[in-house]
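Subject: Structure for you to look at

Hello,

Here is the structure I promised to pass on. Please open it and follow along with the notes below.

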Amino acid sequence: MPDHGLPARQGWRELLRPRASQIIVAVLIGALAFAITVQVSDDDSEDYSGVRGDELVELLKSLDVANGRLATQLDELTVTRNGLLSSTQRSERAEKQAKRRAEDLSILAGTAGATGPGIEVVIKDPDRQIDAPALLDAIEELRDAGAEAIAINGVARVVAQTYFLDDDGQIRVGGREIKRPYRIEAIGASQDLAEAVRIRGGLTDRVANRGGTATVVRKDKVTITALADVKSPEYARPK
Amino acid sequence: MIPVIGLAFGIIAGLVLQPTVPTALQPYLPIAIVAALDAVIGALRALGERRFDDRVFVVSFISNVVIAAFMVYLGDQLGVGSQLSTGVVVVLGIRIFSNAAAIRRRIFHA
């Protein structure tokens, strides 16, 4: 035991009374550890203070190039966007116009209901003397006076293709049977329409000649809900 | 034993104080650390071969650090700073690897 104890005691004594060089070694290693920790924790921060000058220049150059490329891209995309915007506006305007035109045409073609000022003419015909041509004359007179939408008895819308037909004492308008008394609704300038009906030699006189009576009522609001049957043209094509 | 205490003390001081590296020292510190590591690995090898000498270690440590920092400084002045610091790191890395290989051979005989 004492043989082994001596060097051990010597080792301990050495540790307790370290030589100066050992302390210097410890200080150097401590400084190295300190520097490593500091550097490692410093590397975590994402700034460019540790980057060398020429590396910064390279970085700046590449950023400049990227910036220029992106600016060009931005310009191109702005141009595209402006083009799309203006074309959208154009097509919106065209769509609005087309819609208004379609509405106008649908009233002309009788595919839509219509409302507005106008007159209502009721023709009573106890002697059954009013035939299809007479009724057509009446409609023509209203058209001449500027009627924009006409319906008879609320069921037969009168449009360009509407035909009038005598059928077994009844009148067919556009294929629909019209019963007496005839009630013609017309949308237009009510003053003009009423005068056209009442004028001497006009509708009222002719109905009276045939033993009937025609009464005209001016209305602020006439609503026509009857629709015409629409047939697609079979032979005619738009040119 | 004392060097181990110094190691622990340095790590703790670095973690506790969390200082930022001064801008002037920033390019040199990483290289200096690699140079010091080279000295430390060399010292470990010498320790293993039972020919460790405090004086040699201290001198090699300090001269390694100073020379490495000086080379980086010189490179910066000449405009080849990044290339020269890469070269220094490569050389020191080779030395660290060869020393580590010697230690390995001694411990594992492989």
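**The sheet in chain A**

Start with the open sheet of three strands in chain A, ordered E4-E5-E6 with antiparallel pairing. Keep in mind that this is a predicted model. Strand E4 (164-167) and strand E6 (176-178) of chain A are the edge strands, and each pairs on one side only. On average, neighbouring strands of this sheet are turned by 35 degrees against each other, direction ignored.

Now look at one pair of strands. E4(A) and strand E5 (residues 170-173) of chain A run antiparallel, joined by four bridges. Find A:Leu165: opposite this residue stands A:Arg172 in E5(A).

What lies across E4 and E5 of chain A? Helix H4 (residues 132-144) of chain A does, and this helix runs at about 155 degrees to E4(A).

**Where the two chains meet**

Next, turn to the contact between the chains. In chain A, 28 residues are in contact with 32 residues of chain B. Helix H2 (20-43) and helix H3 (53-109) of chain A each supply at least two residues of the side that touches chain B. Which helix gives the largest share of that side? H2(A) does, with 21 residues. By class, the side of chain A that touches chain B has 16 nonpolar, eight polar and four charged residues.

**A helix pair in chain B**

Move on to chain B. Helix H2 (residues 28-48) and helix H3 (residues 54-78) of chain B have axes that come within 8 Å and cross at roughly 150 degrees. That makes H2(B) roughly antiparallel to H3(B), because angles over 145 degrees count as such. Their crossing is right-handed.

Which residues of H2(B) and H3(B) meet? On the H2(B) side they include B:Tyr28, B:Ile31, B:Ala35 and B:Gly42. On the H3(B) side they include B:Phe57, B:Phe61, B:Asn64 and B:Tyr73. Sorted by class, this contact of H2(B) with H3(B) has 14 nonpolar, three polar and one charged residues.

**What the record says about chain B**

Last, compare with UniProt. Its unreviewed entry lists residues 27-44, 56-74 and 80-98 of chain B under "transmembrane region". In the model, residues 27-44 of chain B are 94% helix and 0% strand, and the end C-alpha atoms are 27 Å apart. Residues 80-98 of chain B are 95% helix and 0% strand, with end C-alpha atoms 27 Å apart.

Best wishes

Note on methods. Residues numbered from 1 in each chain as written. Chains lettered and ligands numbered in written order. Predicted model: local features only at pLDDT ≥ 70, side-chain atom pairs only at ≥ 80, totals over all residues. Axes fitted to C-alpha atoms, helices over the stretch in contact; angles between N-to-C directions. Parallel < 35°, antiparallel > 145°, perpendicular 65-115°, else oblique. Left-handed = near helix turned anticlockwise from the far one by under 90°. Contact = placed C-beta atoms within 7 Å. Nonpolar A, V, L, I, M, F, W, Y, C, P; charged D, E, K, R; others polar. Pairing = 2+ DSSP bridges. UniProt positions renumbered as here; feature names shortened; annotations may be inferred.
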